Amino acid sequence: MLFDSCLFLLLVSNFLLLATPHIRQMTKYTALQGILLALLLLLFGHTILTVAVLLIKGILLPGLLWHTQKRLPPDSLICPRKLAAFDVVCGMAGLAFAIWLDDRLIVTQELFPPLFLSLGLTTLFCGFILIIGRIKAITHVIGYLVAENGIFLLGMPLMTKGTTWFELALLLDVFVAVFVMGIAINRISDSFASIDVARFRSLRD
Amino acid sequence: MLIALLLLPVLTGLCMLFFGKALLCRVALPVMALAHTLLSALVALSVYQGNAPRALFGILAPDPLGVLFLMLASLLFLAVSVYAISYLREEERIGLHTNILDHGQFTNQPERRFTAFLCFFLASMSLVTMTPHMGVQWVSIEATTLSSAPLIYFHRHKSSLEATWKYLIICSVGIALALLGNILLSVAFYGEPVGESDFDQLSFFLSHADKAEATWLKAAFVFLLVGYGAKMGLAPLHNWLPDAHSQAPSLVSALLSGALLNCALLGILRGHQIMLAAGLGDISSQMLIFFGFFSLATAAIFIVGQGHYKRMLAYSSVEHMGLLALGIGFGGIACQGAIFHAVCHSLTKCMLFLLSGNILARYHTYSSFDIRGMRWTMPFTGALWTAGFFAIAGSPPFGLFVSELLIAKGILASKAPWLAVPYLLLLAILFVALSVAVLRMVQGRRPIDMPKTTKEPLTSVLPPLILGLAVLVLGVFVPAPLWSFLSKAAQLIGG
């Protein structure tokens, strides 16, 4: 029951991420995804990873995003509403495709619990929609995190005690990546007086 | 020895970051690079003799393919570190710089941070080449992105920031897809008993390849190819490459093009090795051939009429990555040619990017249309630039001529010999396009407003000269042990 609830909430969080034009809200949903992933790990019996994911994906990464947003002007933290509506439609299409694909793939039954593969793929698609569909640099980072959450979810059933060290290294890598991207966003804001990547036009052929 | 190859640059980098003085960092860099090269040579010797070293329960266990790229990364880093002496001295002397593109003023990042991240970059590339664990390889390839991003942003101006952002996002997302490829790889081998004490994942995958689930394995290779292909600069995933290479300091561009792209290629080659072992080599080969031709054609389109000489070199990297993919895809003699091509391309491209730094410092422009009379204003660089052009365009007697000929021979011996026609046609277009730009820069009269001096610092011309001579020698004579080593590496991927 708890397992299914977590999966459902993860799915809802994906669509909330796509539907909201407010970046502060998006950060909250990213934190929610981190907490839900940690809970799922606990249900799979990975205690060390649960703590690590809760700390990194649930607290530190959203914290880094909050810290980055504090230095940005409030009006730069809102995306156009039209884009959000279009993103939700794309997300729905992604979900339909993921369910269709899940139905056709030959997967060992005991590997992926029902709907797990579809949810992982949908989360991945939602991440890519945020990266491609939004024009703010910080939404690219959030999209990257969401896509990574989807991939992490897909890898969850394959995790064993022997692979804990690798998962920790992976989490550290993602943490450093978001840290570096956060610094870059602050520099972009200072140099371009905006975090709108549509202003990146100086390097073209 | 293997652990030392990682610890040496990491510890040197940390010392530079926390205690380093600019002058000290400048001296420490080539010293560390020399020690790293010697250690790499010792590892290469052990692997050649069949006593491949192992460390950390098998997390570090290089094979001939990995060692080849390790040696290349190490040698290029040594060349770059020597070049950096005069480069960084000049950057320090200028102090406040003016951006060529928007004329805005900027200062550089602190030098100790720059040299420290160069060391971290070397460490992460070394790990990529030494590990047979697909997961660790993924982590280290992502680490190369994170350690090289601050290097691209050394000149703190808008254009370099734009390039750094594109590099970070495109490569991170691409590498995330490669992670999905790794997960799908594990799904394909799900149910096979894995020894938890041994981390030589590649050997496990190769020995159990016949039992892998084919659909998942194919899907895994697609994601590995797309993910690492984005980092390698295969078209149409190459968008970050011309921007990052053109905006990074020339010595960083040299490392990105000469060493980093090989690391990403290695990620794809590991996937190809597993596909070959599973009897699915035809599928991975076809995909490599498709991306190879696509990259070659894209490079030809963008190099024709390209005025920005650093972007031209970047597109030339796209071309050569395409050639590598083609050679590996066709297999056999073409695969041996591709491995030899990887060596020669790395040396030549590093040479050309270092020279582009000299040109930029003298002419203060990126446009090849605004540069004339290099043979008068900077005779050494001008001569090497011309030689480098002939080398990179695959002219005899340089090594790239031999490797491109071997790839052509492989195509002619394949099931689709007619593909040699577009291959040769695209190479001819690229030769003409490159020659127009390069020869325009070298010939002509000395510009009136240029200073009369023809002096060039020794450390700015010596590394390109040695790299150029190496490519020349490889075109005329390949020592038997080196060829045997290259053949061993090629055998792993169907050569």
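**Ground rules.** I am working with a predicted model, where local features need pLDDT of at least 70, side-chain atom pairs count only at pLDDT 80 or more, and totals for chains, interfaces and linings use all residues. Residues are numbered from 1 along each chain as its sequence is written, while chains are lettered from A and ligands numbered from 1 in the order in which they are written.

**Chain A overall.** Along the sequence I read the pattern α-α-α-α-α-α-α. The radius of gyration of chain A is 17 Å, close to the 17 Å from the globule rule for 205 residues, so chain A is as compact as a globular protein of that length. That radius is taken over C-alpha atoms, and the rule is 2.2 Å times the number of residues to the power 0.38. I also noted that the C-alpha atoms fill a box of roughly 50 × 35 × 35 Å along the principal axes. Buried residues make up 45% of the 205 (buried is 20 or more other C-beta atoms within 10 Å of a residue's own, exposed 12 or fewer, partly exposed in between, with C-beta atoms placed from the backbone).

**Where A meets B.** I find 32 residues of chain B and 31 residues of chain A in the contact; two residues are in contact if their C-beta atoms, placed from the backbone, lie within 7 Å. On the chain B side, α5 (134-152) and α6 give two or more residues, and α6(B) has the largest share with 17 residues.

**The α6 pair.** Next I checked helix α6 (residues 137-155) of chain A against helix α6 (residues 158-188) of chain B: they pack at about 10 degrees, axes 10 Å apart. That makes α6(A) roughly parallel to α6(B), a label for angles under 35 degrees. Axes here are lines fitted to C-alpha atoms over the stretch in contact, with angles from 0 to 180 degrees between N-to-C directions. Among the contacting residues I noted A:Tyr144 and A:Ile151 on α6(A), and B:Trp165 and B:Leu180 on α6(B).

**The core.** The largest nonpolar core has 252 residues, and B:Leu76 and B:Leu255 have the most contacts inside it. Such a core is a set of buried Ala, Val, Leu, Ile, Met, Phe, Trp, Tyr and Cys residues joined through C-beta atoms within 7 Å. Helix α6(B) gives the most to this core, 20 residues.

Conventions: Helices (H or I, at least four residues) and strands (E, at least two) are DSSP runs, numbered from the N terminus. Angles under 35 degrees count as roughly parallel, over 145 as roughly antiparallel, 65 to 115 as roughly perpendicular and the rest as oblique.
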